[in-house]
Amino acid sequence: MSKHIYITRQINEIGINMLREKGYHVDISKKDRPLHKDEIKKELSKKKYDAVICLLTDHIDKEIFKACPTAKIFANYAVGYNNINLNDAKKAGVTITNCRGTSAHAVAEFTVGLILSLSARIVEGDLFVRKGKYKGWKPDLFLGEDLFGKTIGLVGSGSIGSLVAEFLHKGFNCKICYSDVVKNPVVEAKCNAEHISLEEVLKNSDIISVHTPLLPSTKHLINKKNIKHVKDGAILINTARGPVVEEVAMIEALEKGKLRGVGLDVYEFEPEVNKKLMKMTNTVLTPHIASARDSARNEMSELCAKNIISFFEKNRAITEVK
C-alpha cells in the first residue's frame with residue numbers, strides 16, 4: 001500500500017522527488033509561512049498520513065499526534081528538535097528524526113563570518129558608507145581588533161563547534177577552549193583544545209561562541225548570574241538557539257561595556273528581535289540564516305526522505321532522536 005506523506009512547508013525538491021520515486025503520495029502546504037498549530041491539525045486530519053516532514057517553526061506535541069494517529073514518524077527538517085515534545089512523541093509511539101550533520105560546514109563558516117564582521121567592524125563600516133558619511137581615509141576610522149591569536153571559547157563542541165575551532169585554530173592561530181558535558185578528543189587533538197568549565201570559558205575567552213542544542217538543561221545556560229564572569233571586552237556569538245542565552249542579561253552586559261559586541265543569528269523570542277539590540281552599533285544581527293545554503297538545504301531534504309524510507313523499509317530511521 002502506498003504511503004502518504006505531508007510536508008508543512010515547501011522544502012528543496014531532492015527529498016520530495018526521492019519520496020515520489022518510491023511511489024509515495026506527497027502533499028505540501030501551499031502557504032509560504034509557518035502553519036499555526038490549528039492549521040497543522042486541520043491539514044493532518046484530512047487524510048490518513050503515514051509520515052510528516054515538519055520544520056523548526058512548527059510546534060509539535062500531543063495535539064498534533066492526536067490529530068494524525070496514523071503518522072508514526074515525524075522527520076524534522078532541522079538539526080535541532082526543541083520544537084518537538086519528545087515525551088509526547090514517545091507516549092504516542094512516534095519516531096522523531098532530525099537532520100544532524102547536514103549543515104555543520106555552513107553554520108561554522110557563518111559563525112566565523114560573524115566573528116570577522118565584529119572584530120573588523122565590517123557592518124559598521126558598510127552602514128557608514130551607505131549613509132554618505134565617508135569623506136576619506138582616516139588613521140583612526142573604525143579601528144577593529146585582530147582575530148589572529150585570540151582565545152576562542154566554545155560553549156558546546158559538537159560537529160559545528162569542532163569545525164569553528166578547526167577553522168580558527170588553523171586559519172588564525174587561535175587558542176581554543178571549550179565547555180561540554182563530554183570531552184571531545186577529536187577537537188583536542190586537532191586544535192590542542194582545552195576542556196574547561198563554562199565559567200572558565202567565560203573568564204578566559206576573547207570570543208565566546210555558542211554551539212549547544214536547546215534542551216531544558218541548556219535554556220539560559222549563559223545567564224545573568226554567570227555572564228558577570230565574562231572577560232571584559234569579549235565578543236559573544238550565537239548561531240545555535242536563542243534561548244540558550246538570557247537575552248536581557250546579554251543586553252545589559254552590552255550596555256555596560258562588559259561585552260564589546262555580539263553576533264546573533266538566533267534570538268530568545270524569535271522571530272521578535274529586541275529593539276535595544278537593533279539600535280546598538282556593536283551588534284551584527286541576521287535572520288536565522290546560518291545554514292541557508294543550497295548544499296545544506298539539499299542534504300536536509302534528502303535526509304528527511306531517507307529517514308522516512310528507511311523507517312518504512314527497514315523499520316528503523318537513520319537519525320532517530322532518542
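**Reading a strand and its surroundings**

Analyst: Start with T212. This is a predicted model, and in it T212 is buried, with a relative accessible area of 12%. The cut-off for buried is under 20%, so T212 qualifies at 12%.

User: Where does T212 lie?

Analyst: T212 sits in the loop between β9 and β10 (234-238).

User: Which residues is T212 in contact with, leaving aside neighbours within four places in sequence?

Analyst: With that exclusion, the partners are V155, T218, L221, A240 and V244.

User: Why is β6 described as largely enclosed?

Analyst: Count the buried residues. In β6 (residues 151-155), five of the five are buried, so the rest of the structure largely encloses the strand. Take I152: its relative accessible area is 0%.

User: What does I152 touch, beyond residues up to four places away in sequence?

Analyst: The list is L147, L168, C174, K175, I176, C177, S205 and I207. For a separation along the chain, look at I235. I152 and I235 are 83 residues apart in sequence, and their C-alpha atoms are separated by 9.7 Å.

User: Which strands are joined to β6, and in what sense?

Analyst: β7 (residues 175-179) pairs with β6 in the parallel sense, over five bridges. Within that pair, I152 stands opposite I176. To get from β6 to β7, the chain crosses through helix α7 (residues 159-172), and this β-α-β crossover is right-handed. β9 (residues 207-210) also runs parallel to β6, joined by four bridges. There, V155 stands opposite V210.

User: At what angle do α5 and α7 cross?

Analyst: Read the distance and the angle together. The axes of α5 (residues 104-119) and α7 come within 8 Å and cross at roughly 50°. That makes α5 oblique to α7. The crossing is right-handed.

User: Which residues make the contact?

Analyst: From α5, they are A104, H105, V107, A108, E109, T111, V112, I115 and L116. From α7, they are S159, I160, L163, V164, F167, L168 and F172.

How values were computed: Residues are numbered from 1 along each chain as its sequence is written. This is a predicted model: local features need pLDDT of at least 70, side-chain atom pairs count only at pLDDT 80 or more; totals for chains, interfaces and linings use all residues. Side-chain values use heavy atoms; hydrogens and water are left out. Buried means under 20% relative accessible area, exposed over 50%, partly exposed in between (1.4 Å probe, protein chains only). Helices (H or I, at least four residues) and strands (E, at least two) are DSSP runs, numbered from the N terminus. Two strands pair if DSSP finds at least two bridges between them. A crossover is right-handed if, with the strands pointing away from the viewer, the path from the first strand over the helix to the second runs clockwise. Axes are lines fitted to C-alpha atoms, for helices over the stretch in contact, and angles run from 0 to 180 degrees between N-to-C directions. Angles under 35 degrees count as roughly parallel, over 145 as roughly antiparallel, 65 to 115 as roughly perpendicular and the rest as oblique. A crossing is left-handed if the near helix is turned anticlockwise from the far one by less than a right angle, and right-handed if clockwise. Contact means heavy atoms within 4.5 Å.
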